Amino acid sequence: MSLSSAINTANSIFSNTAQQTAIVSKNIANASNSDYSRRLAMLGTSGNGAQVVSIQRAQNDALLKQNIISISQASAQGALFAGLETLKSSLGGNDYETSPSTYLAAFRDSLQTFASTPGNTTIAATLVSDANDLANSLNKTSASVQDLRLEADKEIAASVNTLNGLLADFEKANGGVVSATAAGTDPSDALDQRDKILRQISEIVGISTVTRANNDTVIYTSDGTVLFENSPRKVTFQATSGFGATTVGQKIYVDGVAVTAGKGGNTSGEGKLSTLLQLRDEIAPKFQTQLDEVARGLVELFKEQNGATTLPGLFTWTPAVPPATVPPAGTIVPGLASTLKVNPLAQSNPLLVRDGGFNGAAYIKNTTGSPGYSDLLDKFAAAMDSNLAFDTATGLDGTTSIMDFATSSVGWLEDLRSSASTANDNKVALLSRTQEALNNETGVSMDEELSLLLDLEQSYKASAKLVSTVDAMMAALLAVVR
């Protein structure tokens, strides 16, 4: 090897080492950045020796796609579980202490006590007080259900706005990747940014991707609707200002195609939009129908009858048009639970529950005013444990007692919540594993980078030694010439 060749080799080593050291330094600086993929300086050989030929970005497309799916599933399940937990909290927490079924049981106990001592006005007042508590529980629970729907609707609106912003950002990042790839320059930074945006999008809506020439990426929703191809598709949604039992929320549209809601406690939805729709349009309305049927059952049980005419007795409600008769058996009256109330006459005269007459003298059963009269109270107490007809659209048994129906309603909610909780744990664990697997493939290992730095240091020392040797040889050669 000539001295000039030796100098060229040393210069090449210095240049390669500098570039490799810069890459390693960048990796170390981003070791804690979960959106960063490790860079690798790939060496090749030429007539002048080794040289850096390219900077490669560590990636694993299969693991990235699985990670994106796991993010969507975990996000959807988490949103569903959070909504069900909110609903559970409104019912008193772990033991559902403030649920209508709890107050219904207390009311029945008071009714049975009053039936055994019908002349006791204090117990009569307690019964009316418990009836008020029961009606208030149904009112408050119904309001909580509609509040949940309203909050879900607001979150949908915010998420749609965020999604449209992310799609605009994706267009820029994707353009940067395509341009860099076409120009033959390093697209790694743009790829990191694009992958980060994809993960953020997947939290909102389930997606799949297809990569085309020059690393151009097309995004589809999980049901196959195009979300991005060359440019973002518009995601539209109209928020609703308030919710009642009859309110129907607006749909979410992606390029004119409606987004579908998830199904079940272990939801089939991907991305939180699907389970926000599930909460707003399926779970909460279903629970509302159950509350409405409990309220209608109370009106039916405590009705007053005179011939073929039946009118609300102890329990009534406030519809837009005052009812002429008690609602038909087994038919939901939307929103009845939200306005159920105790007949105002019971407040001033609790003994009307014993005697009858909320609707006038024609409806009085205790015509003699006997303090020991208990026939009507016994009838009410027996009716609470007897079968009634309930609307099967509630998802519960259509023929059962009001006590069992109210208990089943809480059981339905708890079963759904329990299923969602288990599924949430599983999906979070799966996300953790896929994230770990992806990080093992693309993340920065400090041990590896520091080891590589030591190797680069030895390479630098060897190159410096070569330069030192050449310098000594040149000095010796010059000394001989002189």
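Modeller: Before we start, one term: a cavity is a set of grid points where a 1.4 Å probe fits but cannot get out, and its lining residues have an atom within 4 Å of a point. Please keep in mind that this is a predicted model.

Colleague: Thanks! Which residues line the largest cavity?

Modeller: The structure holds one cavity of 30 Å³ or more, and the volume of the largest cavity is about 50 Å³. Helices α3 (100–116), α6 (272–301) and α11 each supply at least two residues of its lining. The residues lining the largest cavity are Pro100, Ser101, Phe287, Leu291, Val294, Ala406, Ser409 and Val410.

Colleague: How many residues of each class are in the lining of the largest cavity?

Modeller: Pro counts as nonpolar and Ser as polar, and Pro100 and Ser101 are both in this lining. By class, the lining of the largest cavity comes to six nonpolar, two polar and no charged residues.

Colleague: Let's stay with helix α6 for Ala295. Why does Ala295 count as buried?

Modeller: Ala295 sits in helix α6, and it touches Leu138, Leu336, Ala337 and Leu340, leaving aside residues up to four places away in sequence. Its C-alpha atom is separated by 9.5 Å from that of Leu134, 161 residues apart along the chain. Buried means under 20% relative accessible area, so Ala295 counts as buried at a relative accessibility of 0%.

Colleague: And Pro371, is it buried or exposed?

Modeller: Pro371 is found in the loop between α9 (352–355) and α10 (375–384). Not counting residues up to four places away in sequence, it touches Pro118, Gly119 and Arg354. The cut-off for exposed is over 50% relative accessible area, and because Pro371 has 52%, it is exposed.

Colleague: How far apart in space are Pro371 and Pro118, C-alpha to C-alpha?

Modeller: Pro118 is one of the residues that Pro371 touches. The two are 253 residues apart in sequence, yet C-alpha to C-alpha they lie apart in space by 6.2 Å.

Colleague: Now the largest pocket: which element gives the most to its lining?

Modeller: The largest pocket has a volume of about 380 Å³. It is lined by 26 residues, and nearest its centre lie Arg57, Gln59, Asp61, Leu64 and Asp195. Two or more lining residues come from each of α2 (61–90), α5 (188–204), β3 (207–211) and α11 (402–442). The element giving the most, with six residues, is α5.

Colleague: How many charged residues are in the lining of the largest pocket?

Modeller: Asp and Arg count as charged, and Arg57, Asp61 and Asp195 are among the residues nearest the centre of this pocket. Beside seven nonpolar and eleven polar residues, the number of charged residues in its lining is eight.

Colleague: Last one: what percentage of the residues in the chain is buried?

Modeller: The secondary structure of the chain comes to twelve helices and 15 strands. Among contacts between residues at least 6 apart in sequence, 66% join residues at least 24 apart. Of the 482 residues in the chain, the buried ones make up 44%.

Key:
Residues numbered from 1 in each chain as written. Predicted model: local features only at pLDDT ≥ 70, side-chain atom pairs only at ≥ 80, totals over all residues. Heavy atoms only, no water. 1 Å grid on protein atoms, 1.4 Å probe; cavity = no way out; pocket = protein on both sides within 12 Å on 5 of 7 lines; lining within 4 Å. Points joined across faces, edges and corners; volume = space filled by probe spheres on them. Helix = DSSP H or I, 4+ residues; strand = E, 2+ residues; numbered from the N terminus. Buried < 20%, exposed > 50% of the residue type's maximum accessible area, 1.4 Å probe, protein only. Contact = heavy atoms within 4.5 Å.
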